[in-house]
Amino acid sequence: MVVGGEASRYRSRRCGAETSGMSERQPIFNVPAAVVAVLAVLVGVHLARLALAPETDAWVVIAMAFIPGRYAGYGPELPGGEPAMATSLVTHMLVHGDATHLLFNAAWLLAFGGVVAERIGSMRFLALSLFTGLAGALAFMFAHPGALSPMIGASGAVSGLMGATMRFLFSALDRGGLWRLRMTPHEVPLMPLSVALRDQRILSTTAIWLAINLLAIIGFAGVAVEAGIAWEAHVGGYLAGLLAYGWFDSIHTPYSPDRSPLR
């Protein structure tokens with residue numbers, strides 16, 4: 001009876017520990033506050049535009065959009081005037097062409113922005129998003145110097161978050177699985193750039209991403225010259241995130257090529 005009772009209590013404690021472990025892993029589905037805040041701003045801007053008259057909405061979109069021609073002498077003549085030469089570098093990320101465009105970027109933001117914010121915190125996440133979004137805009141301007149076609153949407157920024165994730169995604173997979181990105185993000189080492197640029201998984205992912213953007217002429221997530229998708233911004237943002245993420249990372253866990261799970 002004593003032995004049976006001890007065994008019963010042991011099983012009960014063990015079951016409780018397992019249940020507790022499952023409970024502790026539940027936050028993997030949580031979304032960091034910074035990501036929620038960004039999503040709220042994007043949705044809020046879109047909803048606010050729905051209340052505007054079509055003519056007013058068109059003016060607002062152009063005033064917020066990134067237009068290469070602003071920097072080729074047309075700035076004072078375009079909606080927003082000269083101030084938009086500075087503000088549109090950021091505001092173009094806040095406005096989207098339609099609900100589908102917004103939902104696509106929101107899903108991308110949840111998928112990659114969540115793990116980045118969980119790893120480096122709200123301020124670094126916001127700084128990285130602005131940096132990659134700006135890099136995407138500059139890539140678009142480089143491809144279309146002086147063009148008067150507006151580019152809008154957060155696609156460059158969220159593509160940059162994807163590129164940034166490449167620097168630690170495969171380190172997590174090598175050391176236990178994707179759950180580490182949520183549960184123990186500070187234990188996942190950053191892959192050095194020199195290693196990342198030789199990692200076949202990253203190179204293959206990047207090649208596929210570039211091919212998709214080059215072939216997606218019919219458009220699915222951006223507003224650009226004639227083609228309907230600012231693939232240049234996607235590529236520019238992605239490469240900026242991949243190459244420069246180390247400047248924003250706050251994790252100091254030493255990297256090792258050993259792919260055995262962390263203890």
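Predicted model: local features only at pLDDT ≥ 70, side-chain atom pairs only at ≥ 80, totals over all residues.
View 1. Gly 156 is buried, with a relative accessible area of 7% (buried means under 20%, exposed over 50%, partly exposed in between; 1.4 Å probe, protein chains only). Gly 156 lies in helix H7 (helices are DSSP runs of H or I, at least four residues, numbered from the N terminus). Its C-alpha atom is separated by 4.7 Å from that of Gly 133, 23 residues apart along the chain. Neighbours within four places in sequence aside, Gly 156 is in contact with Thr 132, Gly 133, Ala 233, His 234 and Gly 237 (contact means heavy atoms within 4.5 Å).

**View 2. Helix H6, residues 122-143.** The 22 residues should span 32 Å at 1.5 Å a residue (expected span: 1.5 Å times one less than the number of residues). The end C-alpha atoms are 32 Å apart, which agrees. Buried residues of H6 include Phe 125, Leu 128, Thr 132 and Gly 133. Their cover includes helices H2 (33-50), H5 (99-120), H7 (155-174) and H11 (231-244).

**View 3. The largest nonpolar core.** This core has 34 residues (a core is a set of buried Ala, Val, Leu, Ile, Met, Phe, Trp, Tyr and Cys residues joined through side-chain atoms within 4.5 Å). Leu 109, Val 116, Phe 125, Leu 128 and Met 166 have the most contacts inside it. H2, H5, H6, H7, H10 (200-215) and H11 each give two or more residues. H7 gives the most, with 9.

**Notes.** Residues are numbered from 1 along each chain as its sequence is written. Local features need pLDDT of at least 70, side-chain atom pairs count only at pLDDT 80 or more, and totals for chains, interfaces and linings use all residues, while side-chain values use heavy atoms, leaving out hydrogens and water.
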